[in-house]
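Here is a short briefing for modelling work.

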Amino acid sequence: MPTATFEVPSSRGPREVTVSYARVGRGEPLLLLHGIGHHRQAWDPVVDILATERDVIAVDLPGFGASPALPDGLTYDLATSAAVFGAFCETLRLDRPHVAGNSLGGLMALELGREKLVRSVTALSPAGFWSETERRYAFGVLLTMRQLARRMPLPLVRRLARTTAGRTALTSTIYAHPGRRSPEAVVAETLALVNATGFDETLRAGAAVRFTDDVSGLPVTVAWGTRDRLLLRRQGVRAKRILPRARLVRLPGCGHVPMNDDPALVARVLLDGSR
């Protein structure tokens, strides 16, 4: 898998950041950002569809998947994420790509839009539109998921992933239809959650995050699964109030990570949002 290495400014001087990514397709560039504890393979169910019309670049966020953690001097906040992916796009010579993100990645996508670094934004169940009670609930669920994953021996994870009931036990918090996820994918994303070096710092930085600014001057789509159990769908209505010009889309029967629940629908939303 290719990597891009570039410098990002910090209070201690420039710091070198490396981001792992996969690239496929042709057309206008579309950058894909996954959620906390996940990896770029979260987008695999829709990548082939998107690649028929877009130059698709799916990344592992710093400290997740195959991307190393951020170096000392850089923090896991929105300003840093905008600087990192602004520099990433410059390194790959992507001229203001379209961007789509899920959960944490959706929040990052909106920040890139607010900074006018992209052509359009599509955010699937983006973080940052929660009440304090909703945030505490979501963070509690995420911490529990990580703790359970870290305590399970790998042979047990592999055994559970072989059955629909086991995949449901492992992933029903984020998927409405966990049985549709392949055993190999469930094992890989469980390991991604266990090995996410940026997880704790990202969660700490997110405790104070509220997205309160409009994103003007470019198309914005916010989509929410009707069966999202992590960031409840009423947060989509809140997002629409903050982003009054955004297109709000419901994803019937989809959970928090909707790409696997209904690939055709999600791909269509992403392609429409990036036109």
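The points below are grouped by topic. The model is predicted.

**His98 and its surroundings**
- His98 lies in strand S5, which spans residues 98-102.
- With a relative accessible area of 5%, His98 counts as buried because the cut-off is under 20%.
- The His98 side chain makes a polar contact of 2.6 Å with the side chain of Glu28.
- The side chain of Ser120 also has a polar contact with that of His98, at 2.6 Å.
- Leaving out residues up to four places away in sequence, His98 touches Pro29, Leu30, Leu31, Arg54, Arg119 and Ser274, among others.

**Nonpolar cores**
- The largest nonpolar core holds 86 residues. Leu32, Val59, Phe85 and Phe88 touch the most other members.
- Helix H2 (residues 78-91) gives the most to this core, with seven residues.
- Val59 touches Leu32, Phe85 and Phe88, and its other contacts include Val19, Tyr21 and Arg40, not counting residues up to four places away in sequence.
- A second, separate core has five residues, among them Val157, Ala161, Leu170 and Val186.

**Largest pocket**
- The largest pocket has a volume of about 410 Å³.
- It is lined by 25 residues, and those closest to its centre are Met145, Leu170, Thr171, Ile174 and Leu193.
- Helices H4 (132-151), H6 (164-171) and H7 (183-194) are the elements that each give two or more residues to the lining.
- Helix H4 gives the most, with five residues.
- By type, the lining has twelve nonpolar residues, twelve polar and one charged.

Key:
Residues numbered from 1 in each chain as written. Predicted model: local features only at pLDDT ≥ 70, side-chain atom pairs only at ≥ 80, totals over all residues. Heavy atoms only, no water. Helix = DSSP H or I, 4+ residues; strand = E, 2+ residues; numbered from the N terminus. Buried < 20%, exposed > 50% of the residue type's maximum accessible area, 1.4 Å probe, protein only. Polar contact = N/O pair within 3.5 Å; in protein donor to acceptor, adjacent residues only side chain to side chain. Contact = heavy atoms within 4.5 Å. Core = buried A, V, L, I, M, F, W, Y, C linked by side-chain atoms within 4.5 Å. 1 Å grid on protein atoms, 1.4 Å probe; cavity = no way out; pocket = protein on both sides within 12 Å on 5 of 7 lines; lining within 4 Å. Points joined across faces, edges and corners; volume = space filled by probe spheres on them. Nonpolar A, V, L, I, M, F, W, Y, C, P; charged D, E, K, R; others polar.
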